[in-house]
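I opened this entry to record what I looked up in the structure. I began with the overall layout and then turned to the helices.

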Amino acid sequence: MSVLPNAGSQEPPVTAPRMFGDPDLDRMAMQYVGNMHQYRENIVIPKSNGPVKIKTNEEKYIETAVESCGFKCAMACVMGYGLGAALGLFSASVNPSMADPFANEKKQTAREVFREMRATTHSYAKNFALIGCVFSAVECTIESHRGVTDWKNGTYAGGITGGLIGLRAGVKAGVIGGLGFAAFSTAIDYYMHSR
């Protein structure tokens, strides 16, 4: 082992292990790497969580992309579109004008019925996609600003989203929509996290 002098310090000289056999290389390795033996005792691996798995860079990139606000907004938009399409299709199928085709003086053809069902389904799907995208964007922005993930983010986002949607019909409708959407978001969040 070679001894490294510590210039300007009152500490005893640090002994470097002979890694390369050359005192200059050993000194340089000690300068840049340091004494690796002193850290081995401080590593604690919890045994209750199973084997430790170190994530690769690709896994880290995918995790970062999935947790980004853009991905969350896109997924909320797609899922909202699908849910809205399903509800729109159901709503169009139970529409009274379609339930009794003989009620109208003019009979509708099958093509007109399908065209009307498609328009209703598409309208519902667009509205739900817009609501999902706005809610997700607002919630992600609030969560990023607060730095906390809890039920308040969904409540605040629901209030803002409901207020923005209801504001198209006036201030009173905006307040009622904000309060209703906030209560709904809080109830859904409570139900999801209590299970």
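**Layout**

Reading along the sequence, I get the pattern β-β-α-α-α-α-α-α-α. That is 2 strands and 7 helices in the protein. I am working from a predicted model.

I checked burial next. The protein has 195 residues, and 20% of them count as buried. I also looked at contacts between residues at least 6 apart in sequence; 42% of these join residues at least 24 apart.

**H3 and H5**

I noted first how such a pair is described: by the angle between the two axes and the distance between them. I took helix H3, residues 69-93, with H5. Their axes come within 6 Å and cross at roughly 150°. Angles over 145 degrees count as roughly antiparallel, so H3 and H5 are roughly antiparallel to each other. I logged the crossing as right-handed. Then I sorted the residues of the contact of H3 with H5: 18 are nonpolar, 11 polar and 3 charged.

**H7**

I moved on to helix H7, which covers residues 171-194 and has 24 residues. From its first C-alpha to its last, H7 reaches 34 Å. That is close to the 34 Å expected at 1.5 Å a residue.

Which residues are buried in H7? I found Gly174, Gly178, Ala182, Ser185 and Asp189. What do the buried residues of H7 pack against? I found two partners: helix H5, residues 110-146, and helix H6, residues 151-166.

Technical notes:
Residues are numbered from 1 along each chain as its sequence is written. This is a predicted model: local features need pLDDT of at least 70, side-chain atom pairs count only at pLDDT 80 or more; totals for chains, interfaces and linings use all residues. Side-chain values use heavy atoms; hydrogens and water are left out. Helices (H or I, at least four residues) and strands (E, at least two) are DSSP runs, numbered from the N terminus. The expected span of a helix is 1.5 Å times one less than its number of residues. Buried means under 20% relative accessible area, exposed over 50%, partly exposed in between (1.4 Å probe, protein chains only). Contact means heavy atoms within 4.5 Å. Axes are lines fitted to C-alpha atoms, for helices over the stretch in contact, and angles run from 0 to 180 degrees between N-to-C directions. Angles under 35 degrees count as roughly parallel, over 145 as roughly antiparallel, 65 to 115 as roughly perpendicular and the rest as oblique. A crossing is left-handed if the near helix is turned anticlockwise from the far one by less than a right angle, and right-handed if clockwise. Ala, Val, Leu, Ile, Met, Phe, Trp, Tyr, Cys and Pro count as nonpolar, Asp, Glu, Lys and Arg as charged, and the others, Gly among them, as polar.
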